[in-house]
Amino acid sequence: MRITDTSDLWWKSAVVYCLDVETYLDTDGDGVGDLAGLAERIDYLAQLGITCLWLMPFYPSPDRDDGYDVKDFYGVDPRLGNHGQLVEVIRTAHDRGIRVIADLVVNHTSDEHPWFVASRRSTTNRYRDYYVWRDTDPGDTSAEVVFPDEEDSIWTKDDRTGEWYLHHFYAHQPDLNLANPDVMDEILRTVGFWLELGIDGFRVDAVPFLLQNAHTTGTRTMTVDPHDVIKQIRAFMQRRRGDAVLLGEVNVPHEEQLKFFGGDVGDELQMMFDFIGMQAAYLSLAREDPAPLITAIQDRPQIHPTCQWATFLRNHDELTLDKLSDDERQEVFDAFGPDPDMQLYGRGLKRRLPPMLGGDPRRVRMAYSLMFSLPGTPTLYYGEEIGMGEDLAAPGRMAVRTPMQWGPGRNGDFSSAPPSRLIQRVVPDGYGPTHVNFADQEHDPDSLWAFMRELISIRRRRPELGWGDFEVIDTGEPAVLAHRVTLPDSAVVTVHNFSADPVAVSLSGALTEEDVVEDLLDGEATVVHRGDLQVSLEGYGFRWYRVRPATG
């Protein structure tokens, strides 16, 4: 690896932070976060050490699916601000060394989008084939719905024309017909437009559902190949911006993930969320046994050197556990979400990490230390850095989409509006702003926020974690994960105790007598050893070391 590679392929060394503008900071007192508020908080992100900001949809929307029901791909929702304010956010972020990526929703639109409004007027209008229609009854498709508690079919009959339109998500989100070249042209124009405004790439929503279009049968032939869709977007994007990135939401088995990376060529997605690793991590936390996580990481396919996994413990959706077996999923439910109101769709949890771990600061810090130490690019969801909780009374996935808690004041200092006017109420009770907020943690060296900032700082200084080769170190202790991520002249070795019981392990197989060992959690202090480093770990304890040759 050349040092210049880390700049050319910036996403391999990035720290990503996801937020929703409408729940981040409200500056005009209407109860809805706005772009002006986000601009005020760019320095906060820089202070934390974030290098890539991922914006959830900011487009005009009826907001029936938190902005993922888009009715204008070129616009900015007027509740949030305007294009000029968005450009201010992007420019300010760039000035602080932060890239900005935006959600790209290519699977569907809102039913209020002008294309669909026109499409449903007749069977012969020019926009009809922008969507997927059929003139025969599709029968029972309840087994294919994404949200089984809210929809009972992936087809809805439109009374005006007597035909059915496809929607893999909600009925108010009709699927686009990506086999139509005119639709692909529109998508590429959208990509080009936002790149011109300074966006550095896109998080592509619901990638596996592009595949469903290829197998949908009806009165019209579907010939779309989802890989061709991603390849077209990637090729167009790189013609416009050679350093732009595509980060995909692709919750499928490893073999299919490899294909969406572009296989040996690497010409599709540059980044992909590691859903399998995330789910295995929760199973390991529930069992206090790292074995499932070790298997998941070791089973990752070899990907193109320009590509990268995005590691995470939380995102904006339900915490899906669909890749676990029924028994494994139940283990995680029993440990972290035993009540039915904590679960969602029978496949996931509507909770954030700290409440799931009983508020135990040792386990919370160990979990984030683990996430940042794994090979890949760490991705944080807003509020994780201060230990926010969830609002279980909120419907579905909205439980974890509550306003950011900046201070202990009313509404968590998110907004000056009356609480009844907020876009969503703040988290109540023990994880509310009185107990969990940034203002109280900023100057506390023992706070979770200070700890997260330290992890981010270490991650940014240690390219091994984004570029190196992963190997497990055998310690003989089943509750301990010791692993090494190695580049030719340096390695990072981390040790994590998944158990509440203290333990001591030897790292004799991970270094030689001549190696220099530095404690990364202790100011890079040199550790004395004779090739047999003994590590004592308290319950849920962890250590980070840099190992390098004496001449390195």
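User: Is tyrosine 345 buried or exposed?
Analyst: Tyrosine 345 is buried, with a relative accessible area of 12%; buried means under 20% relative accessible area, exposed over 50%, and partly exposed in between (1.4 Å probe, protein chains only). The structure is a predicted model, in which local features need pLDDT of at least 70 and side-chain atom pairs count only at pLDDT 80 or more, while totals for chains, interfaces and linings use all residues. Residues are numbered from 1 along each chain as its sequence is written, and side-chain values use heavy atoms, with hydrogens and water left out.

User: Where does tyrosine 345 lie, and what is its phi?
Analyst: Most residues other than glycine have a negative phi. Tyrosine 345 has a positive phi, near 60°, and is not a glycine. Tyrosine 345 belongs to the loop between β12 and β13. Element names follow DSSP runs, numbered from the N terminus: helices are H or I with at least four residues, and strands are E with at least two.

User: Which loop holds aspartate 413, and is this residue buried or partly exposed?
Analyst: Aspartate 413 lies in the loop between β14 (377-381) and α15 (438-442). Its phi is positive, about 60°, although aspartate 413 is not a glycine. At 38% relative accessibility, aspartate 413 counts as partly exposed.

User: How many salt bridges does the structure hold?
Analyst: Side chains of opposite charge can pair when their charged atoms come close. The structure holds 33 salt bridges, each being a side-chain nitrogen of Lys or Arg within 4 Å of a carboxyl oxygen of Asp or Glu. In one of them, arginine 203 and aspartate 103 meet through their side chains at 2.6 Å, N to O. Arginine 203 is in strand β7 (residues 201-204) and aspartate 103 in strand β3 (residues 99-104), so that pair links distant parts of the chain, 100 residues apart. Arginine 203 and aspartate 103 are buried.

User: Which residue meets glutamate 318 in a salt bridge?
Analyst: The side chain of glutamate 318 meets that of arginine 347, at 2.9 Å from N to O. This pair links distant parts of the chain, 29 residues apart: glutamate 318 is in the loop between β10 and β11 (319-320), and arginine 347 is in the loop between β12 (343-344) and β13 (348-349). Glutamate 318 counts as buried at 8% relative accessibility, and arginine 347 as buried at 19%.

User: What do glutamate 524 and arginine 461 tie together?
Analyst: The side chains of glutamate 524 and arginine 461 meet in a salt bridge of 3.1 Å, N to O. Glutamate 524 lies in the loop between β19 (516-519) and β20 (525-527) and arginine 461 in helix α16 (residues 448-461), so the pair ties together parts that are 63 residues apart in sequence. Glutamate 524 counts as partly exposed at 30% relative accessibility, and arginine 461 as partly exposed at 36%. Elsewhere, salt bridges that share partners join Asp65, Asp66, Asp317, Arg397 and Arg401 into one network.

User: How many disulfides does a search of the whole structure find?
Analyst: A disulfide is a covalent bond between the sulfur atoms of two cysteines. The search of the whole structure finds zero disulfides, the criterion being a pair of cysteine sulfur atoms within 2.5 Å. Cysteine 18 is in no disulfide, and the nearest cysteine sulfur, that of cysteine 52, is 10 Å away. The relative accessible area of cysteine 18 is 2%, so this residue is buried. For cysteine 307, the closest cysteine sulfur is in cysteine 52, at 16 Å, which is too far for a bond. Cysteine 307 counts as buried at 1% relative accessibility.

User: What is the volume of the largest pocket, and which residues lie nearest its centre?
Analyst: On a 1 Å grid over the protein atoms alone, a pocket is an open set of points with protein on both sides within 12 Å along at least five of seven lines, and lining residues have an atom within 4 Å of a point. The largest pocket has a volume of about 660 Å³, that is, the space filled by probe spheres set on points joined across faces, edges and corners. Its lining has 32 residues, with Val146, Phe169, Phe209, Glu249 and Arg347 nearest the centre. Helix α7 (residues 208-214) gives the largest share of that lining, four residues. Domain 1 (4-106 + 182-459) and domain 2 (108-175) each give at least three residues to the lining of the largest pocket; the domain bounds come from an automatic or database domain assignment.

User: Where does the second largest pocket lie?
Analyst: Domain 1 (4-106 + 182-459) and domain 3 (468-549) both give residues to its lining, so the second largest pocket lies between them. The volume of the second largest pocket is about 550 Å³. Of its 22 lining residues, Gln302, Ile303, Trp467, Gly468 and Asp469 are the closest to the centre. The largest share of this lining, three residues, comes from α17.

Definitions and conventions. On a 1 Å grid over the protein atoms alone, a cavity is a set of points where a 1.4 Å probe fits but cannot get out, and a pocket is an open set with protein on both sides within 12 Å along at least five of seven lines; lining residues have an atom within 4 Å of a point.
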